[in-house]
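Subject: Structure for you to look at

Hello,

Here is the structure I promised to hand over. Please open it next to this note, and my findings follow below.

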Amino acid sequence: MYLEFFGLKEYPFALTPDTGYFYKYVSHQEALNVLLVALHSGEGFIKVTGEVGLGKTLLCRKLLGALSSHFVTAYLPNPHLSPGSMRLAIADELGCQAARRATQEELLRLITAKLIEIARSGKRVVVCLDEVQAMPDQTLEAVRLLTNLETEKSKLLQVVMFGQPELDERLNEPGRRQLKQRITFSYRLAPMTCAAVGEYLQHRMHVAGYRGPDLFSPRAVRALYRASGGVPRLINILAHKALLAAFGPGQRLITHRHVRMAMLDTEGARRPAIWWPWLYTGLLGSALLAGILVRTSLQGGWI
C-alpha cells in the first residue's frame, strides 16, 4: 500500500522469518556463534531460549543456512508430535525410505542405518526443534534416546532446541534431569537496546529498498523502543502501522505521534505512564482512510 510512496520494493516489517532481514544484534549474533561453535565441536544437545517474539525461529533458519555442506540438517517446526510422529518426521527429513506402515522398531533401524551412512561419508546430522517448550514429555524423552546413537568418537545425531523460558522450567523438573545434563551449550536471547532498535529499523528499510535519509525520527525510535520493550516482533508490527499512519496524510517522516497511533492499535504494546487514549482512538484508521480518499480523488476516481 505504501511501497511506492516511501520508495520500497517490499514491505520491510513483515512477520515472516526471512533470513535476508537477519540483523546482527549482539544477542542474536552471539547465539549464532555459540551454535556454530558447539555444532562444529560435535556437541550432542544445545539449547536456545527467549521470550515470545525475540526471533528464535529466524535464528533457527539462519543457522540452517549458515551450516556448510559438511552438515546434513533436519528441521521440525511442529512440537506437537508423538514419539512415533517425531521419528517419522526425522526419517523423512533425512531421506529414509520408510514403508507407510513401518513399526517404530523398523523406523529406528532405518534412522540408525542412515545416520551411520552419513557419518561414514564424513558428515554430521543436526536436528533443529522449534517451540520445544510445547513438546510432549514422551517425545522429549524419545529425542534424548536418539542422541544415544554414537560411534566411539562422536555423536551420530546433534540436536538444537529452541524454546520459550518455560522450557527451562520443564528441564528443572526431576523427571527431566537426564536430558538437562546432556545440554552442553545454552544461550538466552535478550531484547534489543534503544540504540539497536534504531539500527534495526534502518537495516530492514535498507534491505526493503529504501534509499533516503532516516525515516524514523529519534523520538519515534525511542517511542518504538518503549512501546515494544525491544522485542523484534512488536517492533515490526508497530513500525508497519507507523508507516501506515504517516502514509495516510502523506507525511514522509515517522514521528512519535505516528508511533503512538500504532501503539494504541496494537495488543501487547506498552503504554506510556501518561497518555490520553481519546486523542488517538481511531486515528490510525482515519488517517489512512483520509489519505486513500485524497489520492483517489486526485486520480479522478473513488473506491
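This is a predicted model: local features need pLDDT of at least 70, side-chain atom pairs count only at pLDDT 80 or more; totals for chains, interfaces and linings use all residues.

Start with two strands, S2 and S3 (residues 124–129): six bridges join them, and they run parallel.

Now the whole sheet. Five strands form it, in the order S2-S3-S4-S1-S5. The sheet is open, and its pairing is parallel. Strand S2 (71–76) and strand S5 (183–188) stand at the edges. Each has a single partner strand, so one side of each is left without a neighbour in the sheet. On average, neighbouring strands are turned by 15° against each other, direction ignored.

Next, a helix on the sheet. H3 lies across strand S1 (45–49), S2, S3 and strand S4 (158–163). Against S4, H3 runs at about 155°.

H3 also meets another helix. The axes of helix H2 (residues 26–40) and helix H3 (residues 56–66) come within 10 Å. They cross at roughly 45°. That makes H2 oblique to H3. The crossing of the two helices is right-handed.

Which residues in H2 and H3 meet? From H2 come His-28, Ala-31, Leu-32, Leu-35, Leu-36 and Leu-39. From H3 come Leu-59, Lys-62, Leu-63 and Ala-66. The residues of this contact divide into eight nonpolar, one polar and one charged.

Best wishes

How values were computed:
Residues are numbered from 1 along each chain as its sequence is written. Side-chain values use heavy atoms; hydrogens and water are left out. Axes are lines fitted to C-alpha atoms, for helices over the stretch in contact, and angles run from 0 to 180 degrees between N-to-C directions. Helices (H or I, at least four residues) and strands (E, at least two) are DSSP runs, numbered from the N terminus. Angles under 35 degrees count as roughly parallel, over 145 as roughly antiparallel, 65 to 115 as roughly perpendicular and the rest as oblique. A crossing is left-handed if the near helix is turned anticlockwise from the far one by less than a right angle, and right-handed if clockwise. Contact means heavy atoms within 4.5 Å. Ala, Val, Leu, Ile, Met, Phe, Trp, Tyr, Cys and Pro count as nonpolar, Asp, Glu, Lys and Arg as charged, and the others, Gly among them, as polar. Two strands pair if DSSP finds at least two bridges between them.
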